[in-house]
Each structure stands twice: as C-alpha cells, then as structure tokens.
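Please examine the sequence and the structure displayed below before reading on.

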Amino acid sequence: IMEGVLTQDRQPEDYLGDAIGSVVVTQELIDTKLRPAQAALNEIDPNYDMTYESAVVVGFGDALPGVFGSADLIGRMGDTAIVLDWKFGDGVDVAVEENPQAMFYAAAAMRTPKVKWAFDGVKHIDCVIVQPTAVKPVKWWRTTPDRIRAFERELFAAVREAQGPEPRFATGDHCRWCAAKPVCPLLTGAVERAVKANLKNVDVERLAQMLEQAPLIEDYLASVRALALLMLEEGERVPGFKLVQKRATRQWVNPTEAK
C-alpha cells in the first residue's frame, strides 16, 4: 500500500476493503498505521526534496551471489542518503542505531545499479525506521559510508563462514525469527540436555503438592487482577499499569453491501 501511495499517487483509503495476502484493509489499519506512516514521511521530507525509489530489491551481485533484500525506500536529500524501513507489526519496538537490517540494506543498495546513485558522493547515510505503533514512531540514526563499508566487510566474512564446512552456531534473541529452529543442532541439543538434567532432579512429591495448590493460586491471581482493574477504573493509581482500549474488530456478513 505504501508503495502505491509513493509511486502511484494513491491514498490509503483507496485500498479499503481490499485483501492483501491474508490481511483485509480496514479503516482501523488505515487510521493506526498507514496514515501515521504518511505523516512520518512528511516529517522526514517536509519540503518534498527527496528523490527516491520505493520497494526496491537490493543485493551484492557477484560479490555475494544469492544474498539480497527488499528495501522499502532508498532516497537522497542533498548530501545524505536515506534508507527507510516500514515496521507495521506490533509487540516489538525496533531500535534503529546500529540496526543490522538497515545497514544490510544500505550496503546492498550501494552495490545495486538501480539505486547506487543515492550514495554517490554522500557524506551521511540516514537509517530511518517508521513504526507507527511504537512509543517513538520515527527513529533516526545517522551514519557514514565508511561505517557501512565496515559492516559490509563483517557481513562478507560472516556469510563465507556460514557457507563453509564448520560454521559457528549462536543462540540469542535472533532465534525467535529463525525458521531453522526445529532442526538447529545447537538449540535442539541444548533443550534435550536441559530437559534430561532437570527431570532427574525434580522432587515429584513437591511437584504434586504444587499442582494441588495451583487452582488456589490461579484464583488468587484472578482476584488481584480484578482488584487492580477496579482501582484503575475508579481513577486510582497502580504504578506500572494503565487502562487501554480494547482493540475493536469489525466483521461484515456481506462486505460489499456494508460498504
């Protein structure tokens, strides 16, 4: 949708009711994500000075065959190249400083003929993440071509090692996004070892006692939550908690007739 807005002079409302993949475009999505993204772009480029390409595939050519990505927006304003990434998901507040994905796009774009012009002779490269549902919707990190080239050298070394006969495995926060989790030898091995070690040390008598107490504990927690909710509804302060609107969902028997 943002590509259509940027390259075809369309508006988010033009997509209302359309099914894009498994997502149906609702007014709620337009109001909470697409319109704020438009506003963010106006904040980034208030005078419409930026020249850009939208939704462009960037890669490393023969230097790293098969390694590529799709950059949401590559642009230029004066002596500054812009690498912008839309983040429309919920639940993860993405940091922009030293963001590997943004640096990957920048490094690849510098080698991609279609958008290489955006980096020719620039002094700065601005990595921008627009995340409408985050506390700070527009996050900006300014770096230099030299920093991106240094990242590229690190990337090349990592890819060569990963494709080599003895790649290193490392677990971390990145594992949540990895499609290879079920077959990762490091992850599955760690789980198996931990389960076997822990099972041998379980006090089964104590476990049985805890299970007997579980309903009482669950009732207690439900009462605590109900009390906190009542206090917040009456305007009392509960440190670290606040009331938020429930997410509204609308469904129509006949979407065409409803529209």
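Which residue stands opposite Ile129 in β6? Asp85 stands opposite this residue.

## Basis of the report

The structure is a predicted model, in which local features need pLDDT of at least 70 and side-chain atom pairs count only at pLDDT 80 or more, while totals for chains, interfaces and linings use all residues. Residues are numbered from 1 along each chain as its sequence is written, and side-chain values use heavy atoms, with hydrogens and water left out.

## The sheet

Five strands form an open sheet with mixed pairing, in the order β3-β4-β5-β6-β7. Strands here are DSSP runs of E with at least two residues, and helices are runs of H or I with at least four, both numbered from the N terminus. Two strands pair if DSSP finds at least two bridges between them. The edges are taken by β3 (51-59) and β7 (138-143); each has a single partner strand, so one side of each lacks a neighbour in the sheet. On average, neighbouring strands are turned by 25° against each other, direction ignored. Axes for such angles are lines fitted to C-alpha atoms, for helices over the stretch in contact, and angles run from 0 to 180 degrees between N-to-C directions.

Strand β6 (residues 124-130) pairs with β7 in the antiparallel sense over six bridges; Ile125 has Thr143 in β7 as its bridge partner. Between β5 and β6, which run parallel, there are seven bridges. Of the seven residues of β6, six are buried, where buried means under 20% relative accessible area, exposed over 50%, and partly exposed in between (1.4 Å probe, protein chains only).

Helix α3 lies across β3, β4 (68-77), β5 (80-86), β6 and β7, and runs at about 75° to β4. The loop between β5 and α3 holds Asn99. Is Asn99 buried or exposed? Asn99 is buried, because its relative accessible area is 10%. Leaving aside neighbours within four places in sequence, Asn99 is in contact (heavy atoms within 4.5 Å) with Val94 and Ile129.

## Two pockets

A pocket is found on a 1 Å grid over the protein atoms alone: it is an open set of points where a 1.4 Å probe fits, with protein on both sides within 12 Å along at least five of seven lines, and its lining residues have an atom within 4 Å of a point. Grid points are joined across faces, edges and corners, and a volume is the space filled by probe spheres set on the points.

The largest pocket contains about 750 Å³ of space. Among its 18 lining residues, Arg168, Phe169, Ala170, His174 and Cys178 are the closest to its centre. Helix α4 (145-162) and helix α3 (100-111) each supply at least two lining residues, and α4 gives the most, with three. The second largest pocket has a volume of about 420 Å³. Of the 13 residues lining this second pocket, the closest to its centre are Leu16, Gly17, Val25, Trp252 and Pro255. Helix α7 (residues 255-258) contributes the most to that lining, with three residues.

## An exposed residue

Glu205 lies in helix α6 (residues 204-233). Glu205 is exposed, because its relative accessible area is 57%. Although Glu205 and Phe156 are 49 residues apart in sequence, their C-alpha atoms are 54 Å apart in space.
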